[in-house]
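Reader: Got a model here I'd like to go through. Can you walk me through the helix packing and the aromatics?

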Amino acid sequence: MTSVHFSFSSAFTLGLMGLAFHRTHLLSALLCLEGMMLSLFIALSLWALQLQTIMFSAAPMLLLAFSACEASAGLALLVATARTHGTDHLQNLNLLQC
């Protein structure tokens, strides 16, 4: 494994571990998700450059578009949660109550 592959896989793993273990605020969970998506985007871009084919050149842009949609939906949920509950603590959220 080269150092480039190791750095992107460790960045993805750190984002996943941050999402799994530090779930106190919704904003920190969203930042961990964005870090994971950024490492996936860069790794997919490098993979498309290594293969040097036209077929895989659109895949990083498609991932980036989905990442932007995920970020906008996450921020909308953050604003809605902060308005209704007054905080973004994940411990105050209960999915069983509507």
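Predicted model: local features only at pLDDT ≥ 70, side-chain atom pairs only at ≥ 80, totals over all residues.

Reader: How many aromatic pairs in the whole structure?

Author: One, from a search of the whole structure. The ring centres of Trp47 and Phe56 lie 4.9 Å apart with the planes at 45°, so the pair is tilted.

Reader: Switching to helices. At what angle do H2 and H3 cross?

Author: Roughly 175°. H2 covers residues 26–51, H3 covers residues 59–85, and their axes come within 9 Å. The cut-off for roughly antiparallel is over 145 degrees, so H2 is roughly antiparallel to H3.

Reader: Which residues make the contact?

Author: On H2, they include Leu30, Leu33, Met37, Phe41 and Leu44. On H3, among them are Leu63, Leu64, Gly74, Leu78 and Thr81.

Reader: How do the contact residues divide into nonpolar, polar and charged?

Author: 17 nonpolar, four polar and two charged.

Reader: What does UniProt list as "transmembrane region"?

Author: Residues 6–22, 29–49 and 61–80, from an unreviewed UniProt entry.

Reader: What's the chain like over residues 29–49?

Author: 100% helix and 0% strand, with the end C-alpha atoms 30 Å apart.

Reader: And how far apart are the end C-alpha atoms of residues 61–80?

Author: 29 Å. That stretch, residues 61–80, is 100% helix and 0% strand.

How values were computed
Residues numbered from 1 in each chain as written. Heavy atoms only, no water. Axes fitted to C-alpha atoms, helices over the stretch in contact; angles between N-to-C directions. Helix = DSSP H or I, 4+ residues; strand = E, 2+ residues; numbered from the N terminus. Parallel < 35°, antiparallel > 145°, perpendicular 65-115°, else oblique. Contact = heavy atoms within 4.5 Å. Nonpolar A, V, L, I, M, F, W, Y, C, P; charged D, E, K, R; others polar. Phe/Tyr/Trp six-rings, centres within 6.5 Å; stacked < 30°, edge-to-face > 60°. UniProt positions renumbered as here; feature names shortened; annotations may be inferred.
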